Number of protein chains: 4
Amino acid sequence: MLDFNVSGLIPKNMEKRGELVFSENLKEIEDIFNHRKIPENGLSNEKIRLFLRFLSMMDTDKDPKSIRIGEREARIVSSVHDELSYGFCHGVGRSGNLIDPQPKAPGASIMYSLTNKILESFLKTLGIDVYGISTPVSTGMSISLCLCAARKKYASNVVIYPYAAHKSPIKAVSFAGMKMRLVETVLDGDKVYVPVEEIESAVKKEIELGNNPCILSTLTFFPPRNSDDILEISKICEIYDIPHIVNGAYALQNNFYIEKLKKAFKYRIDAVVSSSDKNLLTPIGGGIIFSKNQDFLKEISHCYPGRASATPIVSTLVSLLSIGSKNYIELMKNQKSSKKLLDDLLYDLSKKTGNKLLDSESPIASCISVNSNPVEIAAKLYNLRVTGPRGVTKTDKFGNCYTGNYIYDYIVMNAAIGVKTEDVVNAVDKLEKIIL
Amino acid sequence: MLDFNVSGLIPKNMEKRGELVFSENLKEIEDIFNHRKIPENGLSNEKIRLFLRFLSMMDTDKDPKSIRIGEREARIVSSVHDELSYGFCHGVGRSGNLIDPQPKAPGASIMYSLTNKILESFLKTLGIDVYGISTPVSTGMSISLCLCAARKKYASNVVIYPYAAHKSPIKAVSFAGMKMRLVETVLDGDKVYVPVEEIESAVKKEIELGNNPCILSTLTFFPPRNSDDILEISKICEIYDIPHIVNGAYALQNNFYIEKLKKAFKYRIDAVVSSSDKNLLTPIGGGIIFSKNQDFLKEISHCYPGRASATPIVSTLVSLLSIGSKNYIELMKNQKSSKKLLDDLLYDLSKKTGNKLLDSESPIASCISVNSNPVEIAAKLYNLRVTGPRGVTKTDKFGNCYTGNYIYDYIVMNAAIGVKTEDVVNAVDKLEKIIL
Amino acid sequence: MLDFNVSGLIPKNMEKRGELVFSENLKEIEDIFNHRKIPENGLSNEKIRLFLRFLSMMDTDKDPKSIRIGEREARIVSSVHDELSYGFCHGVGRSGNLIDPQPKAPGASIMYSLTNKILESFLKTLGIDVYGISTPVSTGMSISLCLCAARKKYASNVVIYPYAAHKSPIKAVSFAGMKMRLVETVLDGDKVYVPVEEIESAVKKEIELGNNPCILSTLTFFPPRNSDDILEISKICEIYDIPHIVNGAYALQNNFYIEKLKKAFKYRIDAVVSSSDKNLLTPIGGGIIFSKNQDFLKEISHCYPGRASATPIVSTLVSLLSIGSKNYIELMKNQKSSKKLLDDLLYDLSKKTGNKLLDSESPIASCISVNSNPVEIAAKLYNLRVTGPRGVTKTDKFGNCYTGNYIYDYIVMNAAIGVKTEDVVNAVDKLEKIIL
Amino acid sequence: MLDFNVSGLIPKNMEKRGELVFSENLKEIEDIFNHRKIPENGLSNEKIRLFLRFLSMMDTDKDPKSIRIGEREARIVSSVHDELSYGFCHGVGRSGNLIDPQPKAPGASIMYSLTNKILESFLKTLGIDVYGISTPVSTGMSISLCLCAARKKYASNVVIYPYAAHKSPIKAVSFAGMKMRLVETVLDGDKVYVPVEEIESAVKKEIELGNNPCILSTLTFFPPRNSDDILEISKICEIYDIPHIVNGAYALQNNFYIEKLKKAFKYRIDAVVSSSDKNLLTPIGGGIIFSKNQDFLKEISHCYPGRASATPIVSTLVSLLSIGSKNYIELMKNQKSSKKLLDDLLYDLSKKTGNKLLDSESPIASCISVNSNPVEIAAKLYNLRVTGPRGVTKTDKFGNCYTGNYIYDYIVMNAAIGVKTEDVVNAVDKLEKIIL
């Protein structure tokens, strides 16, 4: 496509070297186009920028000879807009079919298609062999999309939700206009979980009521709430032939979750929703939905009403290209050691302060019981510029995911992917200053 | 907040001049913070960039002393991400309350709040005295948000939709999980419209069925479909006490629509949805919702499941700051003359070719009848690099918004805000080449 | 060189459109490589950026497989450096031969070679058929380069300088380590000029003293100083066989100067020095040297001690690509009308205030006599934020270019290329406020 | 200077946090203004960009109320120009006094003044307590500036140059229009050096001839050429009262050179010239001149004919702010270990190949003798994408810095500051492949 004539300007041998270096630089970009996989080693920002520009230079609003006479022609008034969208001013989607190619935007359409392919190769790298799409909305809204698709494809009208104290999925159900049946949590030592039998019994009840239930399970959540037993739930969904949507917001960063997913995928999962910012370190705004069921993914993509901003898709693509598979594995290792460090430090602190490092199964977050008001402790931490800890009182029903009182007041801290060792150390240190 | 010590480096009088120029430059930015209105004259891109940086430098992920120990800490892996979000990596929203301030992101929260205030001042400039919010999703999804709020606040469960051949609002209803009752269009000369009495009768029927209807009216659409008579619909909604959502996707660019809105706002309108890209020339991805009813706007903002990308909000802000009120008025004038030019050229062409410039009321788009297949003509235009025209056959029921056959095959062209005079001329010229 | 595989990602017809738009976009860039001329219409900033990136991606420091083991390997510590040099980190030049290709920097070498070719085509557009080089230093230092070359090639050891009150060329002579013989100015009505006979007589004297003189004439200067009669000086230089360097700092923006150059080029001119910022609206830092004598240009380029920053060369290239020949002609026309306006306004002001619009031949600047201290008036103008006017007292020998007293105190104002009409109006208005 | 009103937009406590984070971010910038020293820890690129923007926003061409009526008003035609100069479009210097503040450019003037102060603090960090200026030209041209100043201040007219085979300083002398007296090198084992007595004797001879000599000594050079004995030369210059300019192109990166400088500064050094790219890892284009003699530095700065591009100064500033003193020390340590590694690897290679690692004193570069044509070996290395090695034949008089034949054909490799360990390893590896 691109052919420069540089002959005769400098000596032939230098010219050849220049062309060689140029080709070598473009090779990484061409490799992405050819292999359509996450690169082993991340690309430099400069290359990523060039890659994105090449693509957005294919959109018709960039055509110097185009004649634009529609009501929506990706006209922009500021080059800041161009920066915010990397030139993908037409957004993504066509008449609300999110992944459908848009004739006005061949570049954005290729970009989106490539992103999904690269995303799939990334999931494969993690051992998850599925179809995937990048969505232009975050986890919550992506869950709404899945539920809407479940309604359209399977006439689902009620969502069975093993209770987790998170407003987004609850709102996602409400936004999609579906009813929700909560299944209560119970206590097992320090841990909080939802018994599979209760979930099955909820399914049965809804079916008896003449409804078409689907299940929205939660794989990733703050301890002391366990992950839902998605393997058993998948079996239930298979048996009762009902859709199963998994909220795996930060499931891609730790093998604990990945292994659970791999096993459950043998039974019925219609879609797993993950967050691009939590797993792939993008700015907030995008989601990832993956499934063995390509038709269901298509249905999801057809639910979206209208076009959407291309930026969250581009952000996901940027992360995949920038991190590279090798480095992602490294980041996962670091997350694991950070969690170990967090546990060790909190254990020491619990010994010093007569508290308890709660027994929990989360590979990301840890809980320590406290003797004074945990909400006030969290507020103090915020004032000490520690962001992220969550303070929950034993009587806070919403927070505890438990119908009765919980056994401890506690603080949750996270060693999520990308956390810095020094932040783990300093956060526990600040907590010690407050509670000792 | 900012105090530089430049003393002693250059002569005092130059130092004073430097500080004066600096202040003069910052004054435009400070004015935005102080007045919280659309500026009369647009700001330069450089100033807008600085303004956005100042704001995003208030978010906690920029705090060099912060200790970040949450599961979502706006960690990003590439400076391209920073560019794509202008540093608002935490997105907008808190637990799915879109406009609620986010403690981790004071800067983004201020940015969002300011955007809404500036948006309101912009609407006031146009003569529309309402509350307004910028949404991080386009028209279609913004309609879903309004419908969801109508359900939550007024228990609406069915949407009465005076038929317009547009997939996005239809999907918006479906996505929100609501039923739809279409009201058919009828023909009046060349024009297609939905009789108000039929709408009222649809309302009555739904009420009789024990439903809680709301109306989704269409203000802006392709001719020959007229605008819905939103004044009369607003009266009906007031009488029957039912919510009224107006799809005014490109209503802000022409006084024809604005006047209709002003009149209808005296009766019942719960929310008007407009597009940020169609009216404010942003990349695709954001919406604008406005209303006299601040509580309903709040309800809308509380429907959103989770946080959202800040980028569409930032894009709307960039447009408001970049265009300025004076220039927007100018752009509106140009749109009007472009439409006049389009009409004149299409009229001439119709005389030459024995066709008809259809009689329609749209202040944006025009229709010309054609003697051969209009879909093929549109395809030919696409190949001649004309983007935007729409070709509709008389037998295309979906496209015609009409239950029977329409009277003509026709082509629609748009002289929307921002269109270039030469594009109007060239588009008609290309059409002539095809149909003559 | 560049071949993307986008097949199979979107429908074939869209793919083709995407490739077409991409090619169309790259065509302007390819045209520059192929034609090596100033484009008729300027390129967009986005295209210019891409063009520069393509070139700097040919330098060996960008080679992902390079092994760098020299003492100077264009290592940079910040991406801000990359921005400041657009990636041409190796600078320009090789062992102090400025235009020689640098094996480590094929891209920068091509960039420099192309810039010179495009510069030559620009000069040709203006009617000046010469060889030209872009220099990485401003007018003053570029004059030093020319003088050094005259010494090396012709053993010149003394510079005959028809006096003009400008420090830069005087320093340029001193920097090159050459002696200077001033030739005094005389008065002709309001005008100040240097008689050609005096110049010739200076040449003779130096030759008699056994020296090898060269002449540094001044084509562009503030009135009331006339342009030197470069036609006659060129004849003298031809007759006496001595080098002739012309200081034509802002000679390219007005045909008055260009015509003088074209005539004089028939006789002896070794080099003309112009400013890239004054003529081509770059930031300060680069120069332009042109000549019929390619060997002398080569000698000049060989005088430079070491490598130099690529940025001033890149800036000149950016201007040539950005402005385009058509728009440059337009800018020249505007300059002419601005000068007419300035004259008219100053004439009116002179009538109102009992002063005189001085009779002068400059096509750029105008002088008005004043009744009070002109230096104080200039200072007041500076305080009123008028930059650029020059106030000269009749007794200021340096400023007046005249050995005795001048006839008036006066203020000089410039309507140089790029000046805004409103600035002309406002500047005269402020002057009126001060002197009325 | 900057005061935002963000009150009332978000809750007070968040507002306070936003302001705190903002202040914290600006603090690093304010610290630079207040302390005017190299920061201990480098600033992020984002902060550096903001810092530069704040400064360039003080220049009068950014004044929205300015009226510009001069012939040179920093008008630019492309935002690429703005990027290339970071907005310092007026360049640096006033009437050719390089460091003099420019009334049209208070921001650039402050920037330049600050750069020089920060540069001095950097030199102090290295243990060199001197005055310093950043120059907008590279080492070669900076040497010309020093020589020109020596002529103006001390009437120097001949440069005594202990021979080093480098074209740039030789051209620098020629460019400044001064005569050169070479002092020949002699051999000492493998090393090549210039005997101090010969230098003294050259001084005497020139004085006897009625000339005013100055000495241009070479501190940093490729082995086998030793550093000149600048301590003894400084003593000679003190005794004979003649100027002493030291070419210390890459002297700041290794204590071997710094210690020599510190000792010699006790006697007479008028100026040391260093390279910004070689020591501070900027793109090529700037220099550093430092001295105990502030008056001489001022004289140097007054020699420059005209204004100059601000970009090389900005690049030096960017490096100082970006690296930080702590990291610079680290880089110096790494350079030392890289040199050790290079020596070890070359020693091994010499044993394997029957060659010799030449005995030399350079702390940067190493020489290995070879058995075949070293120029061809260097060419082969270039083709293997190794840049930087220098191949010198024993009969190459220019290259050997020695009047007779040298004892070996040899290859020089450099472990300069910033070199990557893998490049050292790979370069020697490639050499082995060629010569084994």
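How many residue pairs are in polar contact across the interface of chain A and chain C? I looked that up before anything else, keeping in mind that this is a predicted model. I got 14 residue pairs, both partners being at pLDDT 80 or more.

**Entry: who supplies the chain interface**

I checked which elements of chain A give two or more residues to the side that touches chain C, and found α1 (12-35), α2 (45-56) and α4 (106-125). α1(A) gives the most, with 14 residues. Sorting that side of chain A by class, I noted 23 nonpolar, nine polar and 16 charged residues.

Next I took the totals. Chain A puts 48 residues into the contact, and chain C puts in 48 residues. The buried area between them comes to about 4900 Å², and carbon and sulfur atoms give 70% of that.

I also looked for salt bridges between chain A and chain C and counted four. One I wrote down joins C:Glu24 to A:Lys65, with the closest N and O atoms 3.0 Å apart.

**Entry: how the copies are related**

I laid chain A on chain C: a turn of 180° with a shift of 0.0 Å along the axis does it, at an RMSD of 0.0 Å. The two copies are therefore related as by a two-fold rotation axis. I also saw that 100% of the interface residues of chain A are interface residues in chain C too, so the copies meet through the same surface.

**Entry: inside chain A**

Chain A is split into domain 1 (106-326) and domain 2 (332-435). Their contact takes 32 residues from domain 1 and 30 residues from domain 2. Between the C-alpha centres of these two domains of chain A I have 27 Å.

How much area is buried between domain 1 and domain 2 of chain A? I have about 2500 Å², with carbon and sulfur atoms giving 64%. A:Asp190, A:Pro223 and A:Gln253 supply 27% of what domain 1 buries against domain 2, more than any other three residues.

A:Asp190 turned up again: it forms a salt bridge with A:Lys356, the closest N and O atoms being 2.8 Å apart.

On the domain 1 side, α9(A) brings the largest share, four residues. By class, that side has 17 nonpolar, nine polar and six charged residues.

Conventions
Residues are numbered from 1 along each chain as its sequence is written. Chains are lettered from A and ligands numbered from 1 in the order in which they are written. This is a predicted model: local features need pLDDT of at least 70, side-chain atom pairs count only at pLDDT 80 or more; totals for chains, interfaces and linings use all residues. Side-chain values use heavy atoms; hydrogens and water are left out. Copies are superposed by least squares on the C-alpha atoms of residues with pLDDT of at least 70 in both. Contact means heavy atoms within 4.5 Å. Domain bounds come from an automatic or database domain assignment. Buried area is the accessible area (1.4 Å probe) that two parts lose on being put together, summed over both. A salt bridge is a side-chain nitrogen of Lys or Arg within 4 Å of a carboxyl oxygen of Asp or Glu. Ala, Val, Leu, Ile, Met, Phe, Trp, Tyr, Cys and Pro count as nonpolar, Asp, Glu, Lys and Arg as charged, and the others, Gly among them, as polar. A polar contact is a pair of N or O atoms within 3.5 Å; within protein, one must be able to donate a hydrogen and the other to accept it, and residues adjacent in sequence count only if both atoms are side-chain atoms.
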